[in-house]
Number of protein chains: 2
Amino acid sequence: MESQAPSTTKDRLLDAAEELFSSRGIDATSLRAITSAAEVNLASVNYHFGSKDGLVKTVFLRRLEPLNNERLELLDALEISAAGAPIELEAILDAWVMPALRMGHSPEGKRIKRLMSGIYSEPGDTLQALLRELFSEILRRFCAAIGRALPELSGEELMWRVHFMLGAMIHTVADQPSIRALSGGLCDPSDIEGVRRRLIGFVAAGLRAPLEEKNAPPTAGEDR
Amino acid sequence: MESQAPSTTKDRLLDAAEELFSSRGIDATSLRAITSAAEVNLASVNYHFGSKDGLVKTVFLRRLEPLNNERLELLDALEISAAGAPIELEAILDAWVMPALRMGHSPEGKRIKRLMSGIYSEPGDTLQALLRELFSEILRRFCAAIGRALPELSGEELMWRVHFMLGAMIHTVADQPSIRALSGGLCDPSDIEGVRRRLIGFVAAGLRAPLEEKNAPPTAGEDR
DNA sequence: CCACAATTCAAACGAACGTTTGAATTAATA
DNA sequence: TATTAATTCAAACGTTCGTTTGAATTGTGG
């Protein structure tokens, strides 16, 4: 039985690992640093999670599973209330973005955000596979919903635009220090409502961009 | 004197390191793996670059400096031919994107792309600082040009949209395996002209998105 | 040809890593 | 309380890492 709220060895390890992974990176964080921060014995990691890889996987799963479940629930609700008709694009984007923004804003979840960006570059084979599996279904669902909202797009065009959309969203959710620095403090990434409004406005406009002719004249002064 | 083209120890090391860094990540690549691939002695790294950190920095600088110089030259040319008037938005975006796309497409530069994405999550303090310095001026220049092309945007709004833009662009240039997998082979990231047209179309539409009211009604079914 | 610097080389260094071990301790069961 | 399983603990294991060393080799200028 877990004693009360936040005190089992497993939880202490997960919390400490999440914190250190997000600030220093996974490879650069040693088990000794984690167990020191968690004030538990070094061998606990291998006892409870089998290996460092097992701990890493659990750290991600603990956050990503509830996150994606919430996204799917929101999308389900939208599809039910739409009753077969296409859903408004902004509502779909909201269902994707808001759970992440809200999670990133909660006091316990702040450290996750930098982790999420690291996902895409960390070359760990096992983690990469885990994430591909975790996101494949939810991406399929959201792509389908967006495709129904934008029926004039071909399959290829839709995929490209979703790809661009993911880039903007991931970069925004994950790399908030960067926008602070870029703007010289002018932009406030903790203003969830502002981020939501701007991000969705940008992405929705991009997704709805008019289809250009294939052989449009090259834009000025750029063909060398 | 360098003997002929691709055979000095320094160059062999840089090529091998670039290749391995991009496929396995920086931390996960040992000097022994690099020197083995380059067929040079282990101690050469410390002799020619001082340390592994010095090698890493040189690997990035060798690609990023010419890249950013080309971007700045293109922007310079645009500003000169515009003679004080605002430049067309698409032309500015072209000046940013094309050097990267072209570089990523060249046979020797293919491996750089995955590297570039890793930049933003690799937590190495020295590398982080180097990149911040490398990109600060060029970002300032491009932000200013985009701001002149979109005079109706406030400074804060502009910075946010540039941030979204960078996310889409970085994700596109860096993570091309991901778009291939996402689309099930439908999208071809090696089609530079197609990527350019779609990416710039998406980003330009996002940058030009109409300014929403601050207190717009929340989009359907999403306020919990 | 010789002296001298630049470069390469094999070998080793100490430190840090993930993991394992087996005994000590705590909790659960009856 | 006696027995057994679950957990914690200190210590060590073997490996790999980046770096250093000092001798051997190569290239250069007088």
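**Exercise 1. Find which residues of H8(A) and H8(B) meet, and describe how the two helices cross.**

Step 1. In this predicted model, the residues of H8(A) that take part are A:Trp160, A:His163, A:Phe164, A:Leu166, A:Gly167, A:Ala168, A:Ile170, A:His171 and A:Thr172, and they meet B:Trp160, B:His163, B:Phe164, B:Leu166, B:Gly167, B:Ala168, B:Ile170, B:His171 and B:Thr172 of H8(B). Contact here means heavy atoms within 4.5 Å, and helices are DSSP runs (H or I, at least four residues), numbered from the N terminus.

Step 2. Sorted by class, this contact of H8(A) with H8(B) holds ten nonpolar, eight polar and no charged residues. In this sorting, Ala, Val, Leu, Ile, Met, Phe, Trp, Tyr, Cys and Pro count as nonpolar, Asp, Glu, Lys and Arg as charged, and the others, Gly among them, as polar.

Step 3. Two packed helices are described by the angle between their axes and the distance between the axes. The axes of H8(A) and of helix H8 (residues 155-174) of chain B come within 7 Å and cross at roughly 120°, which makes H8(A) oblique to H8(B). Axes are lines fitted to C-alpha atoms, for helices over the stretch in contact, and angles run from 0 to 180 degrees between N-to-C directions; those under 35 degrees count as roughly parallel, over 145 as roughly antiparallel, 65 to 115 as roughly perpendicular and the rest as oblique.

Step 4. The crossing of H8(A) with H8(B) is right-handed, a word used if the near helix is turned clockwise from the far one by less than a right angle, whereas anticlockwise gives left-handed.

Before going on, note how the model is to be read: residues are numbered from 1 along each chain as its sequence is written, while chains are lettered from A and ligands numbered from 1 in the order in which they are written. Local features need pLDDT of at least 70, side-chain atom pairs count only at pLDDT 80 or more, totals for chains, interfaces and linings use all residues, and side-chain values use heavy atoms, with hydrogens and water left out.

**Exercise 2. Describe the packing of H10(A) against H10(B).**

Step 1. Helix H10 (residues 192-207) of chain A packs with H10(B) at an angle of about 135°, and their axes are 7 Å apart; that makes H10(A) oblique to H10(B).

Step 2. The crossing of H10(A) with H10(B) is right-handed.

Step 3. On the side of H10(A) the contact is made by A:Phe202, A:Val203, A:Ala205, A:Gly206 and A:Leu207, and on the side of H10(B) by B:Phe202, B:Val203, B:Ala205, B:Gly206 and B:Leu207. These residues divide into eight nonpolar, two polar and no charged.

**Exercise 3. Describe the packing of H8 of chain A against H10 of chain B.**

Step 1. Helix H8 (residues 155-174) of chain A and helix H10 (residues 192-207) of chain B pack at about 55°, with axes 10 Å apart, which makes H8(A) oblique to H10(B).

Step 2. This crossing of H8(A) and H10(B) is right-handed.

Step 3. From H8(A) come A:Glu156, A:Glu157, A:Trp160, A:Arg161, A:Phe164 and A:Met165, and from H10(B) come B:Val195, B:Arg198, B:Leu199 and B:Phe202. The classes of this contact are six nonpolar, no polar and four charged residues.

**Exercise 4. Describe the protein surface near DNA strand C.**

Step 1. There are 15 residues around DNA strand C, and the closest are A:Leu31, A:Arg32, A:Lys52, B:Thr9 and B:His48; a residue is near a strand if one of its heavy atoms lies within 4 Å of it.

Step 2. The residues of this surface near DNA strand C divide into five nonpolar, seven polar and three charged.
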